[in-house]
Amino acid sequence: MILLAVQRITKTFGGLVAVNNVSFEVESGSIVGLIGPNGAGKTTVFNIITGIYRPDKGEIVFNGQSITLKKSHEIVKQGIARTFQTIRLFSQLSVLENVLSGFHCRTKSWVFGAIFRFPWERREERQKVEEAMKLLHFVGIERYYNLPASSLSYGNQRLLEIARALATSPQLLILDEPAGGMNEKESAELIELIRRIRDRGITVLLIEHDMNVVMDICEKVVVLEYGSKIAEGTPEEIKRNPRVIEAYLGTDGEER
Amino acid sequence: MKRPVSFNPLWVFFIVIFALPPLLDPYWVDVLNNVGLYAILGISLNLIVGHTGLFNLGHAAFYAIGAYTSAILNTKYHMPILSILPLSGFTAGLFAFMVMRPIIHLRGDYLCIVTIGVGEIVRIALVNNIFGITGGSNGIFGIARPELFGYVIRSPHQFFYLIWIFLIITVVVFKRLEHSRVGRAFNCIRDDEIAAQGCGINVASYKLTAFVIGATWAGMTGNIFATKMTIISPESFSFWESVIMFTIVILGGAGSIEGTIIGAFLIIGLPEIFRDLSSARMLVFGLAMVIMMILRPRGLIPPKLRSYNVRSILERDYSV
């Protein structure tokens, strides 16, 4: 079943064509990688999917429903969660509260509930604290629960972002360079974590520069260059694709 | 599941304060009353500035709307002043909703400039006797004293208890609000708007909610101010008032209720103690702000991380 379909989207900023007529599909339950040289438009594609930008042309279909014109916070509610390339945590809140904030779209308590603390509000809050701790345990940083988010190491901040995204109970999780700034050991753990996330029934779409990570976990890879899609296929096919080698692996890959 | 007993020095402070009035003369009790009023205003503004990160330099407008609503309804229609308290809050909240709705998407400084504009528009409208009901620059006089259970509150000592009990209610309400899904949503917006959207928070609607709650509370404070003074005029709601409220929040510690109360003591209380030096007041004010911003940029008492009772969860699910 196709969970997400990106259909011929185009986005220009002034005269610059950031994304040009790009289409691809994400199968439910798969791990899909989006790669390309710097400035290829990968993050722009993510921003369009998650409603931060509106495409000039084209359509985003999620679960058979168009979400092209939906607002960011509505799209999260539909079941698409994301992390950010430049880590965006709530720096003045604790680690636990960052995850609790992720539950926002799945909880209801409002101003009067907060002031009068009805029994069902307390129950909801207690439940979510418990679930948040479980998620922190799932990504492996539960011992830092009461520290300020900004005090975590870079790698752990990325894990916290993932935990927060999982808290929105997504069907599709979009990761923007999750291994960025991680050392070898951390990225090996990340690969294992992404697999465990998929085993929970969550589809994963990721941008990554670390080729080891991409080739290791992705079942399908989509390659962008200058805003256009130049290839799509299994990691094996992508490695052999001459256009990809020329555009991306050929120049950048030799140093690795 | 038992909550761990958390001790907050704030409650000790309240007990001490409540024991003070019998020892003080009416003048100093009145100073305490002003401190209390500004602490309430500060806490209501703190929700907007400290928690949601929206710069609001027009809070006096909402305060004024509440005060004038009370004054007009009391002097023209002879409604008991305290019974108008919720209505004053409602009008101020409604006003905030209508005015802020179209401009809530403005960012940082731009929003700040518009709030200054709102504050000035309200003051000038009051001076110009809008709808012929505000009494122009003379204001409205003859506002009734509050009556509780057949007991008229008149002297500063009596007002002290009215104001400070209202302050305690304010502290409880806003503490609960902070420590909830809504409070977290406000903080998320302050820390990172894009990430807040990514958590499913409707940023515009929560920003508006913060403004409406803050304005509602300022409006209710306006009601108490009106009955305490028995006369109100536009000059009580000048731009300077908004600046004082803003300074209280920033100086005390944006996002911290304890800090805001301390801020109210410093900004309202200290000038009374150093009355002889009143000509240097502005100078000291400015100097204090500069020093603060260098030494303690997050205020005197910056907000602490909220704690959650997770010990029992930790023990149950996995050992730590």
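How far apart along helix 7 of chain A are Lys185(A) and Glu189(A) in helical turns? They are four residues apart in helix 7 (residues 184–199), so about one helical turn separates them. Helices here are DSSP runs of H or I with at least four residues, strands are runs of E with at least two, and both are numbered from the N terminus.

The model is predicted, so local features need pLDDT of at least 70 and side-chain atom pairs count only at pLDDT 80 or more, while totals for chains, interfaces and linings use all residues. Residues are numbered from 1 along each chain as its sequence is written, chains are lettered from A and ligands numbered from 1 in the order in which they are written, and side-chain values use heavy atoms, with hydrogens and water left out.

Salt bridges were examined over the whole structure. A salt bridge is a side-chain nitrogen of Lys or Arg within 4 Å of a carboxyl oxygen of Asp or Glu. The search finds 21 of them over all chains. Lys185(A) and Glu189(A) form one, with an N to O distance of 3.4 Å. Lys185(A) is exposed, at 59% relative accessible area. Glu189(A) is partly exposed, at 43%.

Another salt bridge joins Glu236(A) and Lys239(A), whose closest N and O atoms are 3.8 Å apart. Both residues lie in helix 9 (residues 235–240) of chain A. They are three residues apart, about one turn of the helix. Glu236(A) is partly exposed at 46%, and Lys239(A) is partly exposed at 40%. Elsewhere in chain A, Arg198(A), Asp199(A) and Glu219(A) are linked in a network of salt bridges.

One pair crosses between chains. Arg306(B) forms a salt bridge with Glu97(A), and the closest N and O atoms are 2.5 Å apart. Arg306(B) sits in the loop between helix 12 (281–295) and helix 13 (311–317) of chain B, whereas Glu97(A) belongs to helix 3 (residues 95–102) of chain A. Arg306(B) is buried, with a relative accessible area of 15%. Glu97(A) is buried too, at 1%.

A pocket is an open set of points on a 1 Å grid over the protein atoms alone, with protein on both sides within 12 Å along at least five of seven lines. A cavity is a set of points where a 1.4 Å probe fits but cannot get out, and lining residues have an atom within 4 Å of a point. Points are joined across faces, edges and corners, and a volume is the space filled by probe spheres set on them.

The largest pocket holds about 1300 Å³ of space. Its lining has 40 residues. Asn8(B), Lys175(B), His179(B), Glu258(B) and Arg306(B) lie nearest its centre. Helix 1 (9–19), helix 6 (156–178), helix 7 (181–191) and helix 11 of chain B each give two or more residues to this lining. By class, the lining has 17 nonpolar, twelve polar and eleven charged residues. Here Ala, Val, Leu, Ile, Met, Phe, Trp, Tyr, Cys and Pro count as nonpolar, Asp, Glu, Lys and Arg as charged, and the others, Gly among them, as polar.

There are five cavities of 30 Å³ or more. Residues of both chains line it, including Thr50(A), Phe84(A), Ile194(B) and Gly198(B). Helix 2 (72–78) and strand 6 (80–82) of chain A and helix 8 (193–198) of chain B each supply at least two lining residues. The lining has seven nonpolar, three polar and one charged residues.

Two backbone angles complete the results. Most residues other than glycine have a negative phi. Asn63(A) has a positive phi of about 55 degrees although it is not a glycine. Asn63(A) lies in the loop between strand 4 (57–62) and strand 5 (65–66) of chain A. It is partly exposed, at 35%. Ser169(A), also not a glycine, has a positive phi of about 40 degrees. Ser169(A) lies in the loop between helix 6 (154–167) and strand 7 (172–176) of chain A. Its relative accessibility is 42%, which counts as partly exposed.

Terms used
Buried < 20%, exposed > 50% of the residue type's maximum accessible area, 1.4 Å probe, protein only.
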